[in-house]
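Good morning, and thank you for joining this meeting. I would ask you to keep the structure in view while I speak.

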Amino acid sequence: MTQTLSLQGESNEAGEAAETDVTAEAGAEAAAAVNAGIQADLRRTGINPDFWYPVAVAAKIRKGKTFAATFAGERIALYRGESGAVYALEDRCAHRQVPLSMGVVEGDVLRCCYHAWAYRGNGRISQIPYLPKGAGRPPRGVRAYPVKEAYGFVFVFPGDPDKAEVTPLPDLPQFSSPKHKTMTFSRTVACHYSFMHENLLDMNHQFLHRGIVGRIQPKLLGYTSDAQSVEARYLFTHGGGKRNRGANLLAADGIKGGASKPDVVTITTGYPYQTLQLVPENAELPAFSLWVAYVPEDAGQRTNHVYGLLMIEKPPIPGAIHAAWPLIRRFTEGVFAEDRMAVEAEQRAWDEQGEDWNHEVFPLILDVRDVLRNNGVPIRPGLCASAGSCGSATSCGVATA
């Protein structure tokens with residue numbers, strides 16, 4: 001199946017339309033490859049910037065302080081003004097290109113640490129202290145990103161700012177529900193974000209977690225897919241072996257576990273986010289829900305930062321969730337560590353081989369690859385892969401299937 005990749009531009013709120021780094025030549029090459037029946041290499045497909053992405057845990061951005069964030073190689077200076085509002089600016093001073101994240105917050109203004117140029121939250125220059133009266137100041141400042149604070153994260157909109165107001169944040173009603181307690185995750189993983197989608201959606205890899213969850217027997221009950229999403233439903237049956245106490249608590253089986261009942265697990269890639277819900281047998285509501293975003297950090301998108309929210313239904317016994325919290329945290333961290341080991345190994349293989357040698361047989365994963373490929377954008381030319389594997393004309397966005 002051949003797919004078309006859309007090219008995305010960027011807009012500058014500071015009054016300057018930012019030039020796109022995706023060249024016309026790269027777009028022409030991608031289009032020609034599609035017409036020739038060559039499928040884009042998913043691992044060279046960039047994430048679409050026209051969505052809201054978390055780039056920091058909100059609690060880490062203290063009032064009057066700065067924070068250096070990144071999105072796909074774009075350095076972003078976050079700062080919280082004295083008003084409590086968070087601002088997001090391109091992380092460079094228009095003067096000498098020194099990172100603004102090294103600067104000083106004064107009120108709701110960010111001042112560069114070098115020559116004290118001051119910037120408002122919209123990216124415009126508010127003061128150049130030593131500029132003589134009557135002298136003209138630079139007409140433009142730096143790019144400002146639309147920014148929102150929600151669910152304990154700071155979200156930015158890296159794409160076209162005109163689309164920010166009509167693009168909703170993810171809807172997570174359980175986050176603020178008094179019936180749930182939320183566990184937050186923030187980790188960097190050294191792989192392309194697509195490996196993360198595949199890992200969570202393909203539950204046939206439970207053998208990897210046999211030391212933590214025992215012998216889990218996943219059965220695919222069915223799945224649906226469309227242009228922007230893939231949703232799969234599995235029946236999880238415990239086939240023996242020792243099961244972690246944290247797993248029992250998370251699945252609402254109690255600390256001793258007893259006879260584990262089957263669970264229905266629903267996993268959805270709804271571009272660009274991913275969700276998972278576990279519903280125990282005969283239960284009406286999920287025992288827990290997971291929301292996760294995989295945000296590329298580097299320009300070549302070989303690493304991603306995982307921002308996750310695990311919303312757990314509180315048991316009827318008051319305070320029980322607090323006693324169980326350390327066990328649940330230890331269990332989830334253990335599962336994540338094993339998954340990270342696997343996906344980083346996949347990335348290393350791709351880097352060594354210079355292309356995707358995977359022989360995928362699971363139709364569900366083939367479908368999610370199409371969703372990620374079709375909704376993504378070409379990675380900027382020259383930044384699409386590790387050193388030594390970008391030599392060919394087709395290396396920026398396309399490769400043989």
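Let me begin with a definition: two strands are said to pair if DSSP finds at least two bridges between them. The model before you is a predicted one. In it, 4 strands make up an open sheet, arranged in the order 6-7-8-9 with antiparallel pairing. Strand 6 (104-106) and strand 9 (125-127) are the edge strands of this sheet, each pairing on one side only. Strand 8, residues 118-119, is joined to strand 9 by 2 bridges, and Ala118 stands opposite Gln127 there. As a general point, strands of a sheet pair through backbone hydrogen bonds, in either a parallel or an antiparallel manner.

Let me now turn to the protein as a whole. It contains 6 helices and 19 strands. Of its 401 residues, 49% count as buried. Among contacts with a separation of 6 or more, 63% are between residues 24 or more positions apart. The protein exposes about 18300 Å², and carbon and sulfur atoms supply 54% of that area.

Another group of strands deserves attention. Strand 15 (263-270) pairs with strand 16, residues 273-280, in the antiparallel sense over 8 bridges. A hairpin through 2 residues joins the two, and Val264 has Val279 as its bridge partner in strand 16. Strand 16 is also joined to strand 17, residues 288-296, by 5 bridges, and these strands run antiparallel. Here the bridge partner of Leu276 is Leu290.

Which residues have the most contacts inside the largest nonpolar core? They are Leu78 and Trp291, in a core of 80 residues. Helix 5, residues 320-353, gives the most to this core, with 8 residues. A second, separate core has 15 residues, including Leu89, Val98, Leu110 and Ala144. To return to Trp291, its contacts beyond its neighbours within four places in sequence include Pro54, Phe153, Phe155, Tyr273 and Met311.

I shall finish with helix 6, residues 363-375. This helix has 13 residues and reaches 19 Å from its first C-alpha to its last, close to the 18 Å expected at 1.5 Å a residue. Its buried residues include Leu364, Ile365, Val368 and Leu372, and also Arg369, Asp370 and Arg373.

Technical notes
Residues numbered from 1 in each chain as written. Predicted model: local features only at pLDDT ≥ 70, side-chain atom pairs only at ≥ 80, totals over all residues. Heavy atoms only, no water. Buried < 20%, exposed > 50% of the residue type's maximum accessible area, 1.4 Å probe, protein only. Contact = heavy atoms within 4.5 Å. Areas by Shrake-Rupley, 256 points an atom, 1.4 Å probe, with all protein chains shown as cover. Expected span 1.5 Å × (residues − 1). Core = buried A, V, L, I, M, F, W, Y, C linked by side-chain atoms within 4.5 Å.
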